[in-house]
Number of protein chains: 2
Amino acid sequence: MKEKSKKLSTESYKGVRDFYPEDMFVENYIFNIMQDTAESFGYNEYTASLLEPTALYEAKTGDEIVNEQTYTFTDRGGRSVTLRPEMTPTIARMVAARKHNLSFPLRWYSIPNVFRYERPQRGRLREHWQLNADIFGVNGIDAEVEIVSLAYHIMKNFGAKGENFEIRLSYAGMLQEFLIDEFGLNDTDVRALVRVIDKVGKITEADFTKEVSAILGDEGSAQLEILTSNKDELKQKLQKHKGFAYCKDVAEQLTNMGITDTTVSLEPFLTRGFDYYTGLIFEVFDTSEENNRSLFGGGRYDNLLDIFEAEGVPAVGFGMGDVTMRDYLETHNLLPEYETPTDLYICTLAKDKIPFARTLAERLRREGLNVAINVTDKKVGTQIQYAVKQSIPFIICLGDDELKKKVFMLKKLSTGEEKEVAEDDLVSLIFNSVT
Amino acid sequence: MKEKSKKLSTESYKGVRDFYPEDMFVENYIFNIMQDTAESFGYNEYTASLLEPTALYEAKTGDEIVNEQTYTFTDRGGRSVTLRPEMTPTIARMVAARKHNLSFPLRWYSIPNVFRYERPQRGRLREHWQLNADIFGVNGIDAEVEIVSLAYHIMKNFGAKGENFEIRLSYAGMLQEFLIDEFGLNDTDVRALVRVIDKVGKITEADFTKEVSAILGDEGSAQLEILTSNKDELKQKLQKHKGFAYCKDVAEQLTNMGITDTTVSLEPFLTRGFDYYTGLIFEVFDTSEENNRSLFGGGRYDNLLDIFEAEGVPAVGFGMGDVTMRDYLETHNLLPEYETPTDLYICTLAKDKIPFARTLAERLRREGLNVAINVTDKKVGTQIQYAVKQSIPFIICLGDDELKKKVFMLKKLSTGEEKEVAEDDLVSLIFNSVT
């Protein structure tokens, strides 16, 4: 008697996803919109391995990420290697490596997967894919205008209505300088305070007040609360900062180019998790009640290439994640219905029809049709049910008559319509649907 | 004076690749042919994370891979995790997980990246991408015929000539059983001998003879050499094995469906690196002198799902790597010329033309054109040189006249042809090229 051995679990690793064909369809839909829109703006695709030398992330990313959230390990040759937590250091490395051979401006995009070791939760997984679009080599505001308008057009191409998202602008360092001026804070305190401000909406109001008080004292905390609830006064105070005028200028140019159905506003409390930003920063925000959150963002990072021997390459870019976008599309009822790429299923009335089915399929494929054939012993009724379950739109069934006459009854499964078709007309009829 | 700090290297991690737009173009070309051909056969795309629980690979893959060649590490939560060295265990896991909800046969494909820690060399890197195409739920020979013909058609769709590759068939266990019969070997010795046979062409003849002698003795080694050089005698001896007839049957059906420009042969010494094969195995082989090597292969693995609680799901599939295929296409001069996705570059005679360039670009994008615009201060001549270097096929230049009249001089950069075009006709003229 054979002993029953312990069986393996079919679960994936924690916090990552399996993509069955239906999931892959949605994923590809999201990727295609990102890709088509980026290419419509003249962006070229690049990519790299997700394995990077750990040193790449020790130089200039947000502390939290390097210290607590990366997947870092030592390979069998003793090298420290990290699964990239974001794509920006990689693109900076690639651009720096060929700085003297590339012609600027560069417009590049990629849809890499990135990794963070964190507790999986809604909108945050250990692995997600992320469109990265970046323009290198442009100092002026036109780079920001282009990048933000690319982000806007991706949203529109997903079918998002202008009122269902907004664009928030700020400027790296502006909030910090303001806090230093207003409260006389030192660098450590201002850093800590910005981190707390970054948690607004993610922690309770009571916790927020408590954490702010710990840094500013009760009086300072109350003063900050007044400012956050009275944005006009705050903006008044920010006007002297160069970033304020820059944000206003970007907003104005976006309006001038016809982006008028979406709110574009200055959001002084907007901060980004990375240290490398040097100018405009922005976020696209979901305005719905159910999913009221930041969707994605980016900004200008003019000094990142300085960590290599490649100073002076200004850059603006953003990263847009697939998990967040999928949630957004779901919230706003913008997800497409599943469609299989297969156009036609060839059923066979008996096993001896399979060789003919193969030859016919081969001919139809040459003419551009995607064709699957039955290769089972199952009854023809079961074969048809199978085609229905696979969402394949058309079937034909092969018996002796069909083989002899080379004429087939083409059936559209969604409506039940049938039409007699000669072999030569199958492809055009399917491409033009059944009439 | 600022101290010069140590700069980071721009090199990627060892044994992996950066894909600049020109590399990405080739990679996408390869992926698109794989994808289109798989879909033309009715295959649906799936994927999964490259992070898998290590236990998945301890059950039934080749020893060498599990013990020496995986990227395996412990995550911050104490889980042992492996970067997948191949996709088959993952697809088996996914099919097993939904065995009762999926309708069989399943035709699935994916183009995942897979990882092996080994010394990088021609055709073998630490990370490569690999088409995996599999059919689940079919016991009969029709599954093998379909899978091998899919592999054949991918080669043809790459532009490969029938005489530039061949298809070699064998059957899992056939060689082993023959060696046991012929030389009276035990399990350990037969395993060791098959490994040596697997090295044919990768090690010198002298080393081969030495390694074989160590197992079979000098006499046995000479006997084996006679058999390897006289394949007809070997085939004679194999005829009683069920695998022999099976291979013959597959070859015959491939011929019957019109695959006659490529050699399909029985290759008794063909072995595959994985333990899970249970029936037909095959390899596609480059017949050229410069690149005389196995390109890719696969076979039937009917018991792999048994490692989960999901017995009795037969499967046939193969994996085809991007590095090997790129080498093949290079060897046979089948690589395509680089093309950028961008159709048109809009040059500007002065900075104040940029807002109009943006609006015009936006309109052309809505009509389906991919348009980049100048956002630099550079002279128009430099802008045109830039477009040439980017391989962008068309340009227009915006000055005062163009803004006033909305008529543009469209220039095709490859020929220098120019034509005056009204704004409304730009898109159709570019799509139909300059006439």
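Q: What should I know before reading the model and its numbering?
A: This is a predicted model, in which local features need pLDDT of at least 70, side-chain atom pairs count only at pLDDT 80 or more, and totals for chains, interfaces and linings use all residues. Residues are numbered from 1 along each chain as its sequence is written, chains are lettered from A and ligands numbered from 1 in the order in which they are written, and side-chain values use heavy atoms, with hydrogens and water left out.

Q: At what angle do helix α6 and helix α9 of chain A pack?
A: Two packed helices are described by the angle between their axes and the distance between the axes. In chain A, α6 (residues 174–183) and α9 (residues 231–238) pack at about 90°, with axes 11 Å apart (axes are lines fitted to C-alpha atoms over the stretch in contact, and angles run from 0 to 180 degrees between N-to-C directions; helices are DSSP runs of H or I, at least four residues, and strands are runs of E, at least two, numbered from the N terminus). So α6(A) is roughly perpendicular to α9(A) (65 to 115 degrees). The contact (heavy atoms within 4.5 Å) is made by A:M174, A:F178 and A:E182 of α6(A) with A:L234, A:K237 and A:L238 of α9(A).

Q: Which peptide bond is cis in chain A, and which residue has a positive phi?
A: Most residues other than glycine have a negative phi, and most peptide bonds are trans. The bond joining A:F104 and A:P105 is cis, with omega about 0°. A:P105 lies in the loop between α4 (88–97) and β7 (106–110) of chain A. In chain B, the bond from B:F104 to B:P105 is cis, with omega near 0°. A:S391 is not a glycine, yet has a positive phi of about 60°; A:S391 sits in the loop between α13 (380–389) and β17 (394–398) of chain A.

Definitions and conventions:
Angles under 35 degrees count as roughly parallel, over 145 as roughly antiparallel, 65 to 115 as roughly perpendicular and the rest as oblique.
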